Number of protein chains: 2
Amino acid sequence: MDEFELIRRYFARDAQASDVIVGIGDDGAVLELAPGIQQVQVIDTMVEGVHFPSDMAAADVGYRVVAVNLSDIAAMGAKPRWMTLALTLADQDESWVDQFAAGLFDAAREYDVELVGGDTTSGKVIVATVHMTGVVEEGAALLRSGANVGDTVFVTGTVGDAAAGLALLRDGEREEYLQRRFLRPRARVAKGRELIGQASAAIDLSDGLVGDLRKLLDASGVGADIDIECIPTSETLRQRFTAEEALEFALTGGDDYELLFTGPADIDIDDATPIGMVTAGTDLRCRLNGELVEVNDAGYRHFA
Amino acid sequence: MDEFELIRRYFARDAQASDVIVGIGDDGAVLELAPGIQQVQVIDTMVEGVHFPSDMAAADVGYRVVAVNLSDIAAMGAKPRWMTLALTLADQDESWVDQFAAGLFDAAREYDVELVGGDTTSGKVIVATVHMTGVVEEGAALLRSGANVGDTVFVTGTVGDAAAGLALLRDGEREEYLQRRFLRPRARVAKGRELIGQASAAIDLSDGLVGDLRKLLDASGVGADIDIECIPTSETLRQRFTAEEALEFALTGGDDYELLFTGPADIDIDDATPIGMVTAGTDLRCRLNGELVEVNDAGYRHFA
């Protein structure tokens, strides 16, 4: 049973309170403290050895755990304001904590979000959880569930770099640009704010383009036709890897923290690439140069 | 370096944003989304083997991680509204998750707080973090920092039961009342609401009465004289343990989740016992039947 199934089965109950506008199941919850003022709350955990390598620099761990939460805030179209930290340490020394805090505050300054509380505990591996609150105009939050048949599917920036960077890190190889995209992801907060009133649905790319697109389509009750050769990849990725490898990182790699969104074909958003169309039904069909291919966690293959 | 020193040294920076009314250093943060509406945010983590035994029933773990956060909300005088969960699992099966969720929702229903989001991950031990948001009237939040010289120090309910219950659990002995106080702590939410406008300062008892009182005194810049024979203990605790053991659990045991607060001697609060006075200076003096005793983590001893 994967994480999403676990949440769906045991934790996703319909909220009863009228101040819960959107509960479990989107990138964040939308909550209303008083009429006219909405907030978005998100929470994301990074576990040593699962979400980041044990030898990752403490400053990068600190930066990244903030960035992944900022990305969820961005996917909701909200403006980040406050965060709290729950940090479980194993046997890290003070200099580790010092560097972790430095990275965390780097991200906080960059995106103008305040650390307002926390809890530190000891355990067997590092577990860093950040909860973040953002604000959004009433009724304006970007949801996963708004995609309409006929909308175009867009993705911001380029995808696949972070997964490629992580793979190179694991192999002990160096490639600064790709590795930085894993270690210090950019959260698309400004882009999320731009999308308000323009995009019909949005999600951030944390688990891989195809998997995250599937979640958006499921939430919207629609399907899509994707032209995978249109998926934007960086020159660095294409130079370092074969075309097939680059496309696999882009489709299934994860950790990109770009935004995937749907909207009208003529939407006025810079640095976003159309990659397909929203369709009726629930099928997600991927084509490479016109030919249908099957995409799964391992990459893609041509249908027999 | 303990948890509090770690937070103070590396994470407690003065918040720059005007919407942060109270930042790091109290039971929770007080935040203002718009003039007139304040919210309290708290976060608390329980690690398997550190904060609870590995064989603790999943439903109790789920209940307790909500209750400890409710207690922080109570200590701020706020009304709980929403929570998010970050749950790291080791190799627990589905029935564990099912029971954990049952306990969590028991507490949620009892205190009328909604689960609005979460993240589940895998790690080496169970790490359960809950973040909770409450609402409080503008400027009304109970802080640690408001105690005045001459105030009386009060504690709600009885203390020491939970630590005694945990000690018995660890020894494989049974004592339902004491163990339940550890496994299913009551959060003093209604009491916290009553204290608004009446108490000058408040803190919840999670780490032990003397240690938590010290934090309140430090935050207020005052000292206190405590008559430790006045500290309220349950009949069950006094029957099961010697008078000296009972007093040690009460002074340093922790996990009580009662409220410690200061206010006028004639404050109108039920089920609260006066245990001493706030004094000038910063000394915390404890007396047993009029004689000065020294209290530390191990208990208390008479001065030589």
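## A tour of the two-chain model

Start in chain A with strands β2 (residues 29–34) and β3 (residues 37–47): the two run antiparallel and are joined by five bridges. This is a predicted model. Select A34(A) next, and look across to I37(A) in β3(A), which stands opposite.

**The sheet of chain A**

Now widen the selection to the strands of chain A. Six of them form an open sheet, in the order β1-β2-β3-β6-β4-β5, and the pairing is mixed. Go to the edges: β1 (20–22) and β5 (114–122) of chain A are there. Each has a single partner strand, so one side of each is left without a neighbour in the sheet. Turn the view to follow the twist, which averages 25 degrees from one strand to the next. Strands of a sheet pair through backbone hydrogen bonds, either parallel or antiparallel.

**Helix α2 of chain A**

Select residues 58–75 of chain A, helix α2. How far apart are its end C-alpha atoms? They are 26 Å apart, and this agrees with the 26 Å that 18 residues should span at 1.5 Å a residue. Step past the helix to G77(A), which follows α2(A) and has a positive phi, near 80 degrees.

**Across to chain B**

Show chain B and pick α1(B). This helix lies across β4 (79–89) and β5 of chain A, and runs at about 145 degrees to β5(A).

Next, select the whole contact. Here 53 residues of chain B are in contact with 53 residues of chain A. Which elements of chain B supply at least two residues each to the side that touches chain A? Colour α1 (3–11), β2 (29–34), β3 (37–47), β4 (79–89), α3 (94–111), β5 (114–122) and β6 (127–137) of chain B. The largest share of that side is nine residues, from β5(B).

Then compare the interface residues of the two chains. Of those in chain B, 100% are also interface residues in chain A, so the copies meet through the same surface.

Note on methods:
Residues are numbered from 1 along each chain as its sequence is written. Chains are lettered from A and ligands numbered from 1 in the order in which they are written. This is a predicted model: local features need pLDDT of at least 70, side-chain atom pairs count only at pLDDT 80 or more; totals for chains, interfaces and linings use all residues. Two residues are in contact if their C-beta atoms, placed from the backbone, lie within 7 Å. Helices (H or I, at least four residues) and strands (E, at least two) are DSSP runs, numbered from the N terminus. The expected span of a helix is 1.5 Å times one less than its number of residues. Two strands pair if DSSP finds at least two bridges between them. Axes are lines fitted to C-alpha atoms, for helices over the stretch in contact, and angles run from 0 to 180 degrees between N-to-C directions.
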